[in-house]
Amino acid sequence: MSNIKILFYGAGGTGTMANSVEVYANAYDGITIEIRNNIDQTLEVVSLSKQSAIRFSKEIRRKIAEVKDSNQNILKDGE
């Protein structure tokens with residue numbers, strides 16, 4: 001298992017820039033997701049099995065596709 005963590009910060013203009021999400025493989029052959037408010041240092045943790053992490057990643061991909069489709073529709077309507 002590699003010793004890598006990936007950290008994401010909230011997007012500008014969304015009111016979430018003070019928040020971060022950290023994703024890493026845990027010691028139990030699963031994935032851990034930590035959501036932290038970097039102002040008051042509150043932390044929420046979710047650990048997923050490999051199977052659940054795969055399902056979660058598929059759902060994220062679906063939501064990304066919806067966002068892309070929504071943006072394209074806005075552009076088409078605004079032309």
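Analyst: Two strands pair if DSSP finds at least two bridges between them. Strands (E, at least two residues) and helices (H or I, at least four) are DSSP runs, numbered from the N terminus. This is a predicted model, in which local features need pLDDT of at least 70, side-chain atom pairs count only at pLDDT 80 or more, and totals for chains, interfaces and linings use all residues. Residues are numbered from 1 along each chain as its sequence is written, and side-chain values use heavy atoms, with hydrogens and water left out.

User: How many bridges join β2 to β3?

Analyst: Strand β2 (residues 19-25) and strand β3 (residues 30-37) run antiparallel and are joined by 7 bridges. Within β3, Glu34 is the residue that Glu22 stands opposite.

User: In what order do the 4 strands form the sheet?

Analyst: The order is β1-β2-β3-β4, in an open sheet with antiparallel pairing. β1 and β4 (42-49) each have a single partner strand, so one side of each lacks a neighbour in the sheet. Along the sequence the pattern reads β-β-β-β-α, and the chain contains 4 strands and 1 helix.

User: Why does Phe8 count as partly exposed?

Analyst: Relative accessible area (1.4 Å probe, protein chains only) is termed buried under 20%, exposed over 50% and partly exposed in between. Phe8, found in strand β1 (residues 5-9), counts as partly exposed because its relative accessibility is 47%.

User: What share of the 79 residues is buried?

Analyst: Buried residues make up 13% of the 79 residues in the chain. As for contacts (heavy atoms within 4.5 Å), 6% of those with a separation of 6 or more link residues 24 or more positions apart.
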